[in-house]
Amino acid sequence: MSASASANVPLRRVSVAPRLRVEWLGEVVYAKGLVLQHEAIEAVRSGGEDRLLLLEHPPVITLGRSSSAAHLLESEESLNARGIEVVSVPRGGDVTYHGRGQLVGYLIVNLRARGPVDVHRHLRDLEAALIDATATFGIASRAVAGRTGVFIETEPGSPDRKLASIGVGVRHWISHHGFALNVDIDLCEFDAIVPCGLADIEMTSLAREGAGSGPEFAAAVRDGVTNAFRARFGTVASRS
Amino acid sequence: MSISIRVPSLGESVVEGTVARWLVAEGDSVTLDQIIVELTTDKVDVEIPSPGAGVIQKILVAVDDVVEVGAELAIIDESGAAAGVAKAAVFASAASAASVASSPSASRAVTSKGTTSSPRTSDPVPPPPTPLAQRAASAANIDTAQVSGTGAHGRVTQRDVIAQTAVPAPAAAPSQAAASRTPVRRAQAPAMGAAIEEGDRVIPMSRLRKLVADHMVYSKRTSPHVGTVAEIDMSAVADLRRANKARFEELHGVSLTFLPFIVHAVVRALRENPALNASVVEDAIVEKRAINIGIAVETEKGLMVPVVRDVDRLSLAGLASAREDLSARARNKKLSADDLRGGTFTITNPGRKGNLYGFAIINQPQVGILRVGEMVKRPVVRTFGGEDAIVIRQMMHLALSYDHRAVDGAPANSFLYRVRELLESAEFDL
């Protein structure tokens, strides 16, 4: 028989207020970004809210542990001379480029508060949130099985264009790093690298896809991303 | 006491990772929660914290090794006294390896390199058994050379030794084997006291089995399961199916089974009763907008639950093809991670041998699962023009398990009743 009579434990059907704290930090040098993430991880670890740090990096090329020199198409000296920093980072993955006009999101989320830890689901949720966000600008992006990131589908036969890169780390079961969404970035800068070792992928941006440009557009993108991430990552009610 | 650092469960679809970096070397002292090793899976780097404090006694896998969920990564000796000895021994072995020691400042790195990479580089001779394996072997009076190792590079692990003890012992020494088996058994399952008797077959759990096991325990512990059963007259659906089967198969290239009808009825009932298409997230109930139905499939490897997405947008034919595609890929091991995630409700159909009915365990974080029982012809009472008559009908049971944290009896019962109404009226577009 049904135990409905015993359901006297109140379980409110609530609409949960967003619990994802989103902060726009403006331009932050790469190394400083690592420090901010570290602080955010510690804050979340000691029971603080999950957070999304939104920022832009001045031009920097990061080399992951599995980076090979072949992925850098220009010497470090020449890159430095052009104002592009080269940083080695203790993470997996290959070469990435960050610069002005690219929205970087560091998503610091306690994975354990969301049921059993599932790192792949976290990646897929990141992709889905970005896809939701780009949809608000009329851009139909998609995830591609086997390739983490967000892509624009092209004609059959030609390579997908990559709109956002994703890379995640997990420390003490708290996620860090996140995504880099090309908003209105100078796509020529990517020519210095082969993005993420995928030689057959062309980089693109929301501006190049015709979604808009300029500072107002960049602010609108931040709002769109904020809403999409709150919708997807912000519904965990905190333990009170 | 030693404790193992193992690859933790990292998600439903994650079965293995690659060792990216060791942050400690053998002989190092570690504290609880200290990051020990970093694994990479897909595009995620996961740092594995230490489950306890002690001294790293043994590192069992090297950088770039692919390790399965549950695999042993390292052993921590919790007794501080052994620390000095372990360290000294390790340094000695590193020194004798000779080739590696170049800069003294790198001695730590060299230590781990010397001990962990040697099995990878050279001959096919497996590395010596793990200390736990040696201990278990000597307790059970087993020569580790006779045990086939399943650890990294064929290394004999404790599990291998335990498996060996369960192989029927030679008749000559049964009492000795029985007596000496005790400590091994205790090491493996301290709380349960599960006895492995002579002649028993010990089957180490596969990765998938362990994932399923963990999920089942998690679900039972998380959700108070309540069951309710409906008896459904499937005669109208059976007639509809019979009348359309040939045409359907010709038109769509898939056979028309009963399942798409059941799934369709469930989806319509879920739309009307959104409380069942939901998740519990902390102290809130999240009613899902999408209806994604997981359909459990028993494969050679074990239980898989591929998900058909946005089922409410699929026609019966679309549903039949989607399901056929998913079960074929499940059986051929071709499912991707995406095929398994995002379910909002699950249907399990054990098929012809499913017996009358049974209650399935909820697939977390969903709040309901429906189990399809067998369909049989049964005499039932029907009323024709005011007269009761006993007629033969195709009867089937549907058993719903629901999470009483989120769903009370009334909505659960009206959901199941609605499924019954829809199936008995058999109004389906074919």
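Q: Which elements each supply at least two residues of the lining of the largest cavity?
A: They are α3 (119-135) of chain A and α11 (337-340) of chain B; helices are DSSP runs (H or I) of at least four residues, strands (E) of at least two, numbered from the N terminus. The model is predicted, so local features need pLDDT of at least 70 and side-chain atom pairs pLDDT 80 or more, whereas totals for chains, interfaces and linings use all residues. Residues are numbered from 1 along each chain as written, chains are lettered from A and ligands numbered from 1 in written order, and side-chain values use heavy atoms without hydrogens or water.

Q: And where does the largest share of that lining come from?
A: It comes from α3(A), with three residues. The lining includes A:His120, A:Arg121 and A:Arg124, together with B:Glu12, B:Ser13 and B:Arg341. By class it has two nonpolar, two polar and five charged residues.

Q: What is the volume of the largest cavity?
A: It is about 70 Å³, as the space filled by probe spheres set on the grid points. The structure holds four cavities of 30 Å³ or more. A cavity is a set of points on a 1 Å grid where a 1.4 Å probe fits but cannot get out, and lining residues have an atom within 4 Å of a point.

Q: Changing topic: how many aromatic pairs are there over all chains?
A: There are seven. One of them, A:Tyr97 with A:Phe190, is edge-to-face, at 5.3 Å centre to centre and 75° between the planes. (Rings pair if their centres lie within 6.5 Å; planes over 60 degrees apart are edge-to-face, under 30 stacked and the rest tilted.)

Q: Why does that pair tie together parts 93 residues apart in sequence?
A: A:Tyr97 lies in strand β5 (residues 95-98) of chain A, whereas A:Phe190 lies in the loop between β10 (174-182) and β11 (202-203) of chain A, so the pair joins those parts.

Q: Is A:Tyr97 buried or exposed?
A: A:Tyr97 counts as buried, at 4% relative accessibility, and A:Phe190 does too, at 5%. Buried means under 20% relative accessible area with a 1.4 Å probe on protein chains only; exposed means over 50%.

Q: Which residues form the edge-to-face pair in chain B with 65° between the planes?
A: B:Phe345 and B:Phe415 do, at 5.6 Å centre to centre. B:Phe345 is in strand β15 (residues 345-348) and B:Phe415 in helix α12 (residues 409-425), 70 residues apart. B:Phe345 is buried, at 0%, and B:Phe415 is likewise buried at 0%.

Q: Which residues form the aromatic cluster in chain A?
A: A:Phe179, A:Phe229 and A:Phe233 form one aromatic cluster.

Definitions and conventions
On a 1 Å grid over the protein atoms alone, a cavity is a set of points where a 1.4 Å probe fits but cannot get out, and a pocket is an open set with protein on both sides within 12 Å along at least five of seven lines; lining residues have an atom within 4 Å of a point. Ala, Val, Leu, Ile, Met, Phe, Trp, Tyr, Cys and Pro count as nonpolar, Asp, Glu, Lys and Arg as charged, and the others, Gly among them, as polar. Rings of Phe, Tyr and Trp (its six-membered ring) pair if their centres lie within 6.5 Å; planes under 30 degrees apart count as stacked, over 60 as edge-to-face and the rest as tilted.
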